[in-house]
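Please read it alongside the sequence and the coordinates.

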Amino acid sequence: MEAKKLIVSASPHIHARTTTRGIMLNVCAALLPAILAGTLVFGARALLVTGVTVAACVGFEALYCVLMKKPVPVGDFSAVVTGLILAMNLPATIPLWIAIIGAFFAIVVAKQLFGGLGFNFANPALLGRIVLSVGFAGRMTAYAFPATDVDALASATPLAAGVHSLDILPKLLIGAHGGVIGETCALALIVGGVYLIVTGVISAAIPVSYLGTVAVLSLVLGQDVLLQLLSGGLLLGAFFMATDYVTSPFTFKGRVVYGVCLGVITCLIRFYGNMAEGVSFALLLMNLMVPYLNDLTRQKPLGGVKSK
């Protein structure tokens, strides 16, 4: 009789059929409403910026891997997602060469120099946006305004203008106001975010705790709740950037704490800082805190003894 072997291996012992490529394709699908809305609101220039940014991200990843004699991973679509999210964070008026610089920092500096997918310390698209915001502040705040709607809010972005949300609620929902390509149309971002949650690509813990914290603090501090939720980069950040697998906590408690802290920092910057927006810097700070959140909220193994 043949002896049965006991095979011991490291976890995970049960594998899902989900692949990196499948996840990234779902994220691409979720971003399509925002891409379409940005193109309809800001014109073909928005689509051009998106195409150039995606092509630059894919190109930089392939070129770097070839030069370093590493496998070229562009088939997993992670570089495409980075390019799409970066483009959504750029105004349609951005010079294309500046968009390409952002793609370089996102892919080469933030991602590949740290070991590639799974090893980056911050969301690559986020770092690309911050680098451009610091290095090309004038270009990054030269927001495009809808040219097809004479009633569009064109004096400033809603957060900077300080208007009341009820006066411009339809414009906030459809994106008929100034801003970057992918953050103006709140309805498109909500549709994409719900799609990611329903399909199981992301957990609802982070966006719900993030948006909920901003709503509560806005109410307590006498701010316009709807304006804070529907304008700026909050929805784009909550659904598509804060939920990045590599730079967000892997425990439920950690995700809730992460979302709450994001909301607190965003509100502090928006309400008491010298800038109307605070999502990007809140995300960068909390990306750096994720390893500590993972360690503090790590679940004990079954049968393990809690430390006294």
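## Helix α13

Helix α13 covers residues 252–272, and at 1.5 Å a residue its 21 residues should span 30 Å, which agrees with the 30 Å between its end C-alpha atoms; the expected span is taken as 1.5 Å times one less than the number of residues. Helices here are DSSP runs of H or I with at least four residues, strands are runs of E with at least two, and both are numbered from the N terminus. This is a predicted model, in which local features need pLDDT of at least 70 and side-chain atom pairs count only at pLDDT 80 or more, while totals for chains, interfaces and linings use all residues. Residues are numbered from 1 along each chain as its sequence is written, and side-chain values use heavy atoms, with hydrogens and water left out.

The N-terminal end of α13 is capped by Thr-251, a side-chain oxygen of which lies 3.0 Å from the backbone nitrogen of Gly-254. Gly-254 is itself one of the buried residues of α13, which also include Tyr-258, Gly-259, Leu-262, Gly-263 and Arg-270; buried means under 20% relative accessible area, exposed over 50%, and partly exposed in between, with a 1.4 Å probe and protein chains only.

## Overall architecture

The chain contains 14 helices and zero strands. Of its 308 residues, 48% count as buried, and the chain exposes about 15300 Å², of which carbon and sulfur atoms supply 69%; these areas come from the Shrake-Rupley method with a 1.4 Å probe, and for residues only the protein chains shown count as cover. Among contacts between residues at least 6 apart in sequence, 74% join residues at least 24 apart, where contact means heavy atoms within 4.5 Å.

## The nonpolar core

In soluble globular proteins, nonpolar side chains tend to be buried together. The largest nonpolar core in this model has 75 residues, and those touching the most other members are Leu-31, Met-88, Leu-90, Phe-240, Tyr-258, Leu-262 and Leu-283; such a core is a set of buried Ala, Val, Leu, Ile, Met, Phe, Trp, Tyr and Cys residues joined through side-chain atoms within 4.5 Å. Helix α1, residues 20–42, gives the most to this core, with ten residues.

Once neighbours within four places in sequence are set aside, the contacts of Phe-240 include Val-27, Ala-30, Leu-31 and Ile-85, together with Leu-189, Gly-192, Gly-193 and Leu-196.

## Aromatic pairs

Four aromatic pairs are present in the structure. Rings of Phe, Tyr and Trp (its six-membered ring) pair if their centres lie within 6.5 Å, and planes under 30 degrees apart count as stacked, over 60 as edge-to-face and the rest as tilted. Trp-97 and Phe-136 form an edge-to-face pair because their ring centres are 5.6 Å apart and their planes stand at 85 degrees. This pair links distant parts of the chain, 39 residues apart, with Trp-97 in helix α4 (residues 96–109) and Phe-136 in the loop between α5 (124–135) and α6 (137–140). Phe-136 counts as partly exposed, at 24% relative accessibility.

The rings of Phe-104 and Phe-105 have centres 5.8 Å apart and planes at 90 degrees, so this pair is edge-to-face. Phe-104 is partly exposed with a relative accessible area of 34%, and Phe-105 is partly exposed at 28%.

## Selected polar residues

Glu-61, in helix α2 (residues 44–67), is buried with a relative accessible area of 0%. A polar contact of 3.0 Å joins its side chain to that of Gln-112; a polar contact is a pair of N or O atoms within 3.5 Å, where within protein one must be able to donate a hydrogen and the other to accept it, and residues adjacent in sequence count only if both atoms are side-chain atoms. Not counting residues up to four places away in sequence, Glu-61 also touches residues including Pro-73, Val-74, Ile-107 and Lys-111.

Ser-231 is placed in the loop between α11 (225–230) and α12 (234–241) and is buried, at 0% relative accessibility. A polar atom of the Ser-231 side chain lies 2.3 Å from the backbone oxygen of Leu-227. With residues up to four places away in sequence not counted, Ser-231 touches Pro-158, Leu-159, Leu-172 and Arg-270.
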